[in-house]
Amino acid sequence: MLSALILSERVRCWPTTAPDYIAYHDEEWGRPVTGDDRVFERLTLEAFQSGLSWITILRKRENFRAAFAGFSIPAVAAFGQADVDRLLGDAGIIRNRAKIEAAVANARAALDVELSDLVWRYADPSSPAPKTLADMPAQTPASKALAKELKSHGFRFVGPITVYSLMQAIGLVNDHLADCWTREAL
């Protein structure tokens, strides 16, 4: 089946030769991520990715980590207007006021919930293996429900598509293609 790209004798989900993408696919995407700060980081990066290519975020991820205090929820929740202004001037990240302010608001909302536990309640490890990229949904009933719950706690930039991307990225669903070498490794 040619639904995945063969690189270095391995079948992968994405048609790319970019080393950043290959490493992300092979070592991170779809692997379980837990812990409030780690889930907050991924949620924040997924929100910043909205409307952009994921490779842009991957290449700026270390800058994001530095700019957002290692994604420590208490540290980001304490950010004020001076921090927002600093982030708006930081060429190493995506300088979008709405997304920056959402990240701070989301950190404040995360102070009141066990973010990792909340998100992982929506795990669906039994989802069927997609055969092609076209078989992967953009959103699901679970992502719609999780987005709604996150919004009820005050989270922003957490629509069902962004939330589904988070679910895929941190292993709540296994959307590696059926013939991808990492599918069974998870």
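This report describes selected features of a predicted model, from its cysteines and salt bridges to its nonpolar core and one of its helices.

## Basis of the description

The model is predicted, and local features are described where pLDDT is at least 70, side-chain atom pairs count only at pLDDT 80 or more, and totals for chains, interfaces and linings use all residues. Residues are numbered from 1 along each chain as its sequence is written, and side-chain values use heavy atoms, with hydrogens and water left out.

The structure holds zero disulfides, a disulfide being a pair of cysteine sulfur atoms within 2.5 Å. In general terms, a disulfide is a covalent bond between the sulfur atoms of two cysteines. The cysteine sulfur closest to that of Cys-13 belongs to Cys-180, and because the separation is 3.6 Å, the two are too far apart for a bond. Cys-13 is buried at 1% relative accessibility, and Cys-180 is buried as well, with a relative accessible area of 4%; here buried means under 20% relative accessible area, exposed means over 50%, and partly exposed lies in between (1.4 Å probe, protein chains only).

Both cysteines are also in contact with His-25, where contact means heavy atoms within 4.5 Å. His-25 is found in helix H1, residues 19–27, helices being DSSP runs of H or I with at least four residues, numbered from the N terminus. With 1% relative accessibility, His-25 counts as buried, and its side chain reaches the backbone nitrogen of Cys-13 at 3.4 Å. When neighbours within four places in sequence are left aside, the residues in contact with His-25 include Trp-14, His-176 and Trp-181.

## Salt bridges

A search of the whole structure finds nine salt bridges, each defined as a side-chain nitrogen of Lys or Arg within 4 Å of a carboxyl oxygen of Asp or Glu. In one of them, the side chains of Arg-65 and Glu-41 meet with an N to O distance of 2.7 Å. This pair links distant parts of the chain, since Arg-65 lies in helix H3 (residues 54–67) and Glu-41 in helix H2 (residues 36–49), 24 residues apart. Arg-65 is partly exposed, with a relative accessible area of 27%, whereas Glu-41 counts as buried at 10% relative accessibility.

Arg-65 also forms a salt bridge with Glu-62, the closest N and O atoms being 2.5 Å apart. Glu-62 and Arg-65 both lie in helix H3, where three residues, or about one turn of the helix, separate them, and Glu-62 counts as exposed at 52% relative accessibility. Arg-86 and Asp-83 form a salt bridge too, at 3.5 Å from N to O, and they are likewise three residues apart, about one helical turn, in helix H5 (residues 81–88). An α-helix has 3.6 residues a turn, so residues three or four places apart point the same way. Elsewhere, Glu-28, Arg-42 and Arg-61 are linked in a network of salt bridges.

## The largest nonpolar core

The largest nonpolar core has 55 residues, and Phe-64, Phe-68, Leu-115, Val-119 and Phe-155 touch the most other members; such a core is a set of buried Ala, Val, Leu, Ile, Met, Phe, Trp, Tyr and Cys residues joined through side-chain atoms within 4.5 Å. In soluble globular proteins, nonpolar side chains tend to be buried together. Apart from its neighbours within four places in sequence, Leu-115 is in contact with Asp-36, Val-39, Phe-40, Ala-110, Leu-150 and Phe-155.

## Helix H6

At its N-terminal end, H6 is capped by Asn-96, of which a side-chain oxygen lies 3.0 Å from the backbone nitrogen of Ala-98.

Because 10 of its 14 residues are buried, H6 is largely enclosed by the rest of the structure. Among these buried residues are Lys-99, Ile-100, Val-104, Asn-106 and Ala-110. What covers the buried residues of H6 includes H2, helix H4 (73–77), H5 and helix H7 (115–120).

## Ser-50 and Gly-159

Ser-50 has its place in the loop between H2 and H3, and it counts as partly exposed at 31% relative accessibility. Although Ser-50 and Gly-159 are 109 residues apart in sequence, they are 10.0 Å apart in space, C-alpha to C-alpha.

Methods. Helix = DSSP H or I, 4+ residues; strand = E, 2+ residues; numbered from the N terminus. Polar contact = N/O pair within 3.5 Å; in protein donor to acceptor, adjacent residues only side chain to side chain.
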